[in-house]
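This report describes the arrangement of a single protein chain. Please consult the sequence and the structure alongside the text.

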Amino acid sequence: MCTLYMTMAKIILLLVLAPFCMAAASTDCRGVPALDGSSACGESCSTKLLQDLCIDVMIWGGVEISGSHKEGATGYVILAARFAVESLDATQLAARNQLSQNTSLSGQVRDAYEGCLNDYATVRSSINRVANEMLPNCRFAGVADEFARGVKSLESCWIRLMRPPVKSTPLYNLVWADRYKLLLIHLLDGKLLGI
């Protein structure tokens, strides 16, 4: 258990020290609105929890939150997807570490974790494609399908973790947080891009 928390602390430190820069996303698709980060979060997220997550993503990405700096909305969706990929990687690493280092895991928990690792490979691939394909081709229909595939795989892992005793493990909380990160992508692309 201690190893999991130490690993998570290292991952969080890496995320803080190596943020993605929004400058690469400043060129946007035609017809996409430009707005400041705070407005993007306010227009997309209806709860304080999601607004706070959105602002955290913006800060992580180096977005200037002031109203004077505007970015294309596609850049914000890409940033949220890249943030989610980082989180998905951290969850996969935590699951692998638990499987390799925690000998007290029951067979049922091991099976759930192994299934989640397979699910997460699909989720990560899908969300990474969302991040990488949105801006260059500006074809949002394929991106929406890819995102839906990722959500379905994450939900498959979530269902595995809903069964006791798996629900009381640390991975449960990490997957719960990843679900919110995918929800943020959905809210940003739905409200700002109409996908």
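## Packing of α3 against α4

In this predicted model, the axes of α3 and helix α4, the latter formed by residues 73–101, approach within 10 Å and cross at roughly 90°. An angle of 65 to 115 degrees counts as roughly perpendicular, and α3 is therefore roughly perpendicular to α4.

The contact between these two helices involves Leu53, Val57, Met58 and Trp60 on the α3 side. Their counterparts in α4 are Tyr76, Leu79, Ala80, Arg82, Phe83 and Glu86.

## Packing of α3 against α7

Helix α3 comprises residues 48–60, and its axis also comes within 10 Å of the axis of α7, with a crossing angle of roughly 85°. This angle makes α3 roughly perpendicular to α7.

From α3, the residues that meet α7 are Leu49, Leu50, Leu53, Cys54 and Val57. In α7 they meet Tyr180, Lys181, Leu183, Leu184, Leu187 and Leu188. An α-helix has 3.6 residues a turn, so residues three or four places apart point the same way.

## Helix α7 and its end

Helix α7 covers residues 170–193, a total of 24 residues. Gly194 follows α7 and has a positive phi, near 75°.

## Ser44 in α2

Ser44 belongs to helix α2, which runs over residues 37–44. Its relative accessible area is 3%; because buried means under 20%, Ser44 counts as buried.

A polar atom of the Ser44 side chain lies 2.8 Å from the backbone oxygen of Ala40. Leaving aside residues up to four places away in sequence, Ser44 touches Leu187, Leu188, Lys191 and Leu192.

## Glu146 in α6

Glu146 is located in helix α6, residues 140–161. With a relative accessible area of 12%, Glu146 is buried.

The side chains of Glu146 and Arg149 make a polar contact at 2.8 Å. When residues up to four places away in sequence are not counted, Glu146 touches Ser126, Arg129 and Val130.

## Asp111 in α5

Helix α5 extends over residues 107–137 and contains Asp111. The relative accessibility of Asp111 is 52%, and the residue therefore counts as exposed. Asp111 is 55 residues from Val166 in sequence, while their C-alpha atoms are 9.8 Å apart in space.

## The chain as a whole

The chain contains 7 helices and 2 strands. Read from the N terminus, the order of its elements is α-β-α-α-β-α-α-α-α.

The chain has 195 residues, of which 47% count as buried. Among contacts with a separation of 6 or more, 76% join residues 24 or more positions apart. The accessible surface amounts to about 9500 Å², and carbon and sulfur atoms contribute 57% of that area.

Key:
Residues are numbered from 1 along each chain as its sequence is written. This is a predicted model: local features need pLDDT of at least 70, side-chain atom pairs count only at pLDDT 80 or more; totals for chains, interfaces and linings use all residues. Side-chain values use heavy atoms; hydrogens and water are left out. Helices (H or I, at least four residues) and strands (E, at least two) are DSSP runs, numbered from the N terminus. Buried means under 20% relative accessible area, exposed over 50%, partly exposed in between (1.4 Å probe, protein chains only). A polar contact is a pair of N or O atoms within 3.5 Å; within protein, one must be able to donate a hydrogen and the other to accept it, and residues adjacent in sequence count only if both atoms are side-chain atoms. Contact means heavy atoms within 4.5 Å. The expected span of a helix is 1.5 Å times one less than its number of residues. Accessible areas come from the Shrake-Rupley method with a 1.4 Å probe; for residues, only the protein chains shown count as cover. Axes are lines fitted to C-alpha atoms, for helices over the stretch in contact, and angles run from 0 to 180 degrees between N-to-C directions. Angles under 35 degrees count as roughly parallel, over 145 as roughly antiparallel, 65 to 115 as roughly perpendicular and the rest as oblique.
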